[in-house]
Amino acid sequence: MNNRPVYLAAGGTGGHIFPALAVAETLQNRGYSTHLFTDRRGAKLLSEASSLPARLHIIAAASPFQHGMTKCIFAVAKLAAGAATSMYHLLVRRPALIIGFGGYPSFAPLMIGRLLGIPILLHEQNAFLGRANHMLAKFANALALSWPRTKNLPKMCHAEVTGIPVRQAFFDAAQTRYCLAATAPVNLAVLGGSQGASILASLVPDAIAMLDPAMRRRLHLHQQARPEQIELLRHRYDVLGVTADVRSFYTDMPSLLGQSHLVICRAGASTLAELAAIGRPSLLLPLQNAMDDHQRMNALQMQDVGGGICLDETTLNAAVLSARLVQLLKTPRSLSKMAKSAQSLASPNAANLIVAIAENLMAAIPSKHGGASA
């Protein structure tokens with residue numbers, strides 16, 4: 001076990017949390033004690049995990065870029081509280097390095113770490129550098145990117161493309177070969193994520209209702225939905241004669257994606273990385289109000305290699321989605337081609353590359369803190 005821990009800090013959504021867990025897993029395999037800062041959303045997201053490769057520390061955080069003076073003041077107060085908690089942890093445990101994965105919960109720990117002379121490494125998951133990482137980039141010792149054409153980089157910023165780290169379980173699931181016969185059952189996964197399930201709960205069943213009965217009977221649907229939508233969705237699919245498993249959360253996402261023939265989902269960075277790791281075709285519906293339109297930029301990366309189709313929420317309706325489903329399901333060869341193309345975006349060495357950068361920083365820029373504590 002290495003003497004001094006490595007801290008990771010990530011926003012409370014899956015796009016920030018899951019890459020952080022993949023890196024923490026790799027660090028632990030190399031003998032490092034790891035700790036993770038996130039907010040209550042991140043902690044809730046991780047609450048159903050059977051095991052975590054890092055000790056979890058919940059800190060207060062909020063975006064200061066909100067409408068209304070009261071909300072802004074409240075957000076700044078939460079960031080200050082998060083900074084106080086971070087300082088306590090960093091002073092007591094004296095980490096060798098802090099790795100930030102974006103989102104406002106990462107801001108306070110990284111700024112405090114900078115003040116304490118702890119080396120800082122940033123990783124950006126999206127094709128557009130997020131606001132927290134953009135503010136922190138000029139203080140960081142290194143910046144790792146997921147996409148070669150990432151936009152919004154500060155001037156004179158040196159960055160290295162590593163890809164998006166994904167847990168090994170997703171690459172293991174890629175061993176399930178993609179295969180779909182013309183009349184075989186179709187495993188369709190519909191994933192909304194923490195912010196995007198609502199529109200899919202109405203759009204997808206409306207589109208499936210327009211399919212002919214024979215095609216509907218082929219469907220084996222797994223759909224992520226908000227808790228208040230689950231019973232209504234189950235009833236609708238039952239009436240349509242569609243076999244459906246509707247839940248608010250799937251604990252074994254590698255297995256679910258590995259069994260899927262087509263995925264309808266938002267375009268969060270970690271979702272795309274998981275689709276690439278396993279090699280599954282997708283219909284991508286970028287979240288319209290995603291900050292800086294980063295989900296659309298992510299989706300276009302997948303579309304450009306032929307692994308997915310980017311849809312526009314402003315023009316998409318049930319009839320358009322239904323037509324897309326018919327087109328794809330009637331041509332399984334095109335789905336197989338998309339699955340193979342999606343894998344071209346996979347970065348199986350991303351976590352190792354990030355950890356290599358981290359170890360180089362720890363060797364070249366030792367923290368001002370001495371001693372050892374885990």
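His57 is buried, with a relative accessible area of 9%. Buried here means under 20%, so 9% qualifies. Before going on: this is a predicted model.

Where does His57 lie? It is part of strand E3, which runs over residues 55-58. Setting aside neighbours within four places in sequence, His57 is in contact with Tyr7, His35, Leu36, Phe37, Thr38, His89 and Arg93.

Next, Ile112. This residue sits in helix H4, residues 107-115. Is Ile112 buried or exposed? Its relative accessibility is 9%, so it counts as buried. If residues up to four places away in sequence are not counted, Ile112 touches Ala83, Ser86, Met87 and Leu90. As for distance, Ile112 and Ala54 are 58 residues apart along the chain, and 20 Å separates their C-alpha atoms.

Last, helix H13, residues 318-329.

Which residues of H13 are buried? They are Ala318, Leu321, Ser322, Leu325, Leu328 and Leu329. These residues cover an arc of only 130° around the axis, so they are on the same side of H13.

The N-terminal end of H13 is capped by Asn317. One of the side-chain oxygens of Asn317 lies 3.1 Å from the backbone nitrogen of Ala319.

Technical notes: Residues numbered from 1 in each chain as written. Predicted model: local features only at pLDDT ≥ 70, side-chain atom pairs only at ≥ 80, totals over all residues. Heavy atoms only, no water. Helix = DSSP H or I, 4+ residues; strand = E, 2+ residues; numbered from the N terminus. Buried < 20%, exposed > 50% of the residue type's maximum accessible area, 1.4 Å probe, protein only. Contact = heavy atoms within 4.5 Å. Expected span 1.5 Å × (residues − 1). Arc of directions from axis to C-beta. Polar contact = N/O pair within 3.5 Å; in protein donor to acceptor, adjacent residues only side chain to side chain.
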